[in-house]
Amino acid sequence: MRRFTSYKAPIIEPPVEPVPPRSARLDVILAFLVVTLIWGSTWIVIRDQLSVVPPSWSVTYRFTLAGLLILGWAALRRDSLRLDARGWAFAVALGFAQFTLNFNFVYRAEQHITSGVVAIVFALLLVPNAILARIFLGQRMGRQLLIGSAVAMAGVALLFVHEARLSDAGPEQALIGIGIALLGVLSASVANVMQATKTAKAYPMATMLGWAMLAGAGIDAAFAWATVGPPVIEPRWSYVAGTLYLGVFGSALAFTIYFQLIRAIGPAKAAYSSVLIPVIAMLLSTLFEGYRWSVLAAAGAVLVVAGLVLALKARRPNR
């Protein structure tokens, strides 16, 4: 007598949809756009500050205001404002790299070359960020991020050629300005990678950032007093308004969002804000300074945006 066994149909599991990269989330994209728009506008404001007040004092005022605001926000959030010895050492090192060296180099670079050229030089931040992240964090760039970087850098090169052709500064002044700006890029990159370390993540971000800004401002003040004398105040309304804008929006708000991006998507992807910023700066210059676009500049802007899209869609930019 033949026995029949019950037939069990194979279980077919539905296909697993790939999880989109973290950088494609709406909150990350919105944060990225806010930072880019704010920092894209700061170059014009910084240019206006280069008149009466020495750059070191302008940087001091900016980050004293920003640091106090961020610590106030941390207190409202009931974050602990205390740091241990390791935290203080980290805050001072971060403040020195980001809020002393970086911005003193930026302000001085704009004394030699246009703000547009400085913004374009800072678009290269992606390169040292990726290299330092590989060395110190063990992060490898994925193929798609490399392709996006190459496309974006080609666009930056076109923008740089366009700006160099229009620059009124002689070749010697241009080289000095570019060299100073590159030093600013390197110091900013060091600070960016520091924010992605385990030490940074061990403390509340607002607390660490606020104390780092005040530490950097303290070093700025000491350097300014030693080199150019006591504080200088310019009562011109545009200078005061510019200092408030740079302190509140360009520093307290933008750096808080940017350092959150670094912790969320890594320093390589976060640095893409610096790639898009020159395009924003040139658009604002078109509206407020009568900037005229050329075919070369337009092609560079298109390549920058295309490279940015490729990079942000990379599923595994850092492994």
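Phe-122 is buried in this predicted model, with a relative accessible area of 9%. The ring centres of Trp-43 and Phe-122 are 5.8 Å apart and their planes stand at 55°, so the pair counts as tilted.

**Aromatic pairs**

- Trp-43 belongs to helix H1 (residues 26-49) and Phe-122 to helix H4 (residues 115-122), so their pair ties together parts that are 79 residues apart in sequence.
- Trp-57 and Trp-225 form an edge-to-face aromatic pair, with 6.1 Å from centre to centre and 65° between the planes.
- Because Trp-57 lies in helix H2 (residues 55-76) and Trp-225 in helix H9 (residues 205-228), this pair ties together parts that are 168 residues apart in sequence.
- Trp-57 counts as buried at 4% relative accessibility, whereas Trp-225 counts as exposed at 52%.
- Ring pairs also link Trp-39, Phe-63, Phe-99, Phe-103, Phe-255, Tyr-258 and Phe-259 into a cluster.

**Nonpolar surface patch**

- Val-34, Leu-69, Val-248, Phe-249 and Leu-253 form a nonpolar patch on the surface, and together they have about 350 Å² of accessible area.
- Helix H10 (residues 237-270) contributes three residues, the largest share of the patch.
- Val-248 is placed in helix H10 and counts as partly exposed, at 31% relative accessibility.

**Ile-147**

- Ile-147 lies in helix H6 (residues 143-166) and is partly exposed, with a relative accessible area of 45%.
- The C-alpha atoms of Ile-147 and Leu-310 are separated by 7.5 Å, although the two residues are 163 residues apart along the chain.

How values were computed: Residues are numbered from 1 along each chain as its sequence is written. This is a predicted model: local features need pLDDT of at least 70, side-chain atom pairs count only at pLDDT 80 or more; totals for chains, interfaces and linings use all residues. Side-chain values use heavy atoms; hydrogens and water are left out. Helices (H or I, at least four residues) and strands (E, at least two) are DSSP runs, numbered from the N terminus. Buried means under 20% relative accessible area, exposed over 50%, partly exposed in between (1.4 Å probe, protein chains only). Patches are made of residues with over 30% relative accessible area and no salt bridge: like charges are joined within 9 Å, nonpolar side chains (Val, Leu, Ile, Met, Phe, Trp, Tyr) within 5 Å. Accessible areas come from the Shrake-Rupley method with a 1.4 Å probe; for residues, only the protein chains shown count as cover. A salt bridge is a side-chain nitrogen of Lys or Arg within 4 Å of a carboxyl oxygen of Asp or Glu. Rings of Phe, Tyr and Trp (its six-membered ring) pair if their centres lie within 6.5 Å; planes under 30 degrees apart count as stacked, over 60 as edge-to-face and the rest as tilted.
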